[in-house]
Amino acid sequence: MVANIVALVAVIWGLFSGNLELETVEAFALQFDTINPIQWITAAFLHAGPFHLIGNMIFLWAFGLIIEGKIGSLAFAVLYFGITAIDNAGVQIVMFLIGSEDWAVGASGTIFALMVIALIWAPENCMDVVLILLFRGFKFEVRVVTLAGFYIALEVITLFFNGFTMSSAMLHMAGVLVGAPVGLLMLNRGMVDCEDWDIIARNEWLQEYRFLCPADRYQRLRAKEDGSEDAEAAELAGRYSLLTPSTKKSESGSSNRKRKRSIEPSKSEPVKSSTRGPLETGKEKRKFSMPWSKSIKNEPEPRARPEPKRPSESSRAHPDYNRLNYLLRQALEQSSVVTAEHHFEDLRKKDLIDGLADSTLKAYIKLMSSAGQHLATLMPLHVLADRDGEHADRARLQIAKVQLKVLKTPVEALKTLGKIQDYPEQDALNQVATQGEQRDLQRKVLQQKEALIQQCQQSQQ
């Protein structure tokens, strides 16, 4: 974009100052009466005027962001220049053979190639479109497949009424004819990871054509479709955690230093809890009581962990869920705080948050926490806590931290911490391979819980 803007400013300044002749500028345009490889690149950085440039740059920015986000800046630059050279070379050679003496400038051919690539790779992505009618602006969201499909169809209709002669529409469609095979080739060769949200994976009827979907990819897509694995949960599984090791370590150390100090619980908000240390050999169980728990009478017995709740199937069945969930996960992969928060808010407004996988919620929590937006983590944390799954206690721990350190409400933090309990019956039924790991994780949660309760009591004093 910068190169295009600089080129136009330099040309206009040179022409008005008399330091540049129009014939010199035309020598860098795509001339149809010759074959000049230099013009295959230079013509794409020349424009007929400011409005021609602005229109092209808006579309380059909109569709280029999608492609650059998937393959990176360097690969995008190579793709951009490669498509530009192939497109302009094809047009110049064909027109030279026909015998035309016209010429062309502009990046619109390359941009239409990028548009069709974005359509292939990310058809479900949404764009904010501003429509100005009668001096009034209207903003709305449009999917890439809809927006790109509209402009491509518009060029086809224009070509039909123009008799398929050389025109802007013909140059645009030449870009489409170059971009489509390039996008499909990169997809099928594994040069870009669309996470099976590309137009081929989203449409079974397209998968039947081998030139669109090779046999190995076809078999993988069929296996994924027939399998019972939760692909959305596996998408981000294992990449994120609610608490960083450094946080756990520091808080655990704080707990050990303060273990000797006994603090009475708040009279207005009593906290009930029971804790247990690691399982002993045989039938014996050694119990570790927290200092503040000695003052609590009639302490309840540890309860069995309830069955975890699964993500809401009714939310996942909503027609907007898949699109918004995909956009949110893509923003999380790109660590885009603003975009992720925007799509999460869209899911909240439609009451679809309870359909998100645990891994997606954890990724959102981690991203918002890293950006210092701790209040934004409360809603996904409550969803994890309400599910009573393996992440519930850690989620409650994080909620209590926000309530204590951000909201400055130690009473509410104590209420939240009181919901964290040990579950010996459930732990005893765990598989041997993971039993030790789960016990260690539960012990760390309980240690951090003890440290936070002491902080809450100190804050109240």
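The model is a predicted one. Its protein chain contains 21 helices and four strands. Of the 461 residues in the protein chain, 46% count as buried.

**Contacts across the chain**

- Helix α14 covers residues 321–333, and helix α15 covers residues 337–349.
- The axes of these two helices come within 8 Å and cross at roughly 155°.
- Angles over 145 degrees count as roughly antiparallel, and α14 is therefore roughly antiparallel to α15.
- The crossing in which α14 passes α15 is left-handed.
- On the side of α14, the residues that meet α15 are Tyr321, Leu324, Asn325, Leu327, Leu328, Ala331 and Leu332.
- Their counterparts in α15 are Thr339, Ala340, His343, Phe344, Asp346 and Leu347.
- Sorted by class, this contact between α14 and α15 comprises nine nonpolar, three polar and one charged residues.

**Helix α19 and its buried face**
- Helix α19 runs through residues 410–417.
- Its buried residues are Pro410, Ala413, Leu414, Thr416 and Leu417.
- When α19 is viewed down its axis, these buried residues fall within an arc of 160°, so they line one face of the helix.

Notes. Residues are numbered from 1 along each chain as its sequence is written. This is a predicted model: local features need pLDDT of at least 70, side-chain atom pairs count only at pLDDT 80 or more; totals for chains, interfaces and linings use all residues. Side-chain values use heavy atoms; hydrogens and water are left out. Axes are lines fitted to C-alpha atoms, for helices over the stretch in contact, and angles run from 0 to 180 degrees between N-to-C directions. Angles under 35 degrees count as roughly parallel, over 145 as roughly antiparallel, 65 to 115 as roughly perpendicular and the rest as oblique. A crossing is left-handed if the near helix is turned anticlockwise from the far one by less than a right angle, and right-handed if clockwise. Contact means heavy atoms within 4.5 Å. Ala, Val, Leu, Ile, Met, Phe, Trp, Tyr, Cys and Pro count as nonpolar, Asp, Glu, Lys and Arg as charged, and the others, Gly among them, as polar. Buried means under 20% relative accessible area, exposed over 50%, partly exposed in between (1.4 Å probe, protein chains only). The arc is that of the directions from the helix axis to the C-beta atoms.
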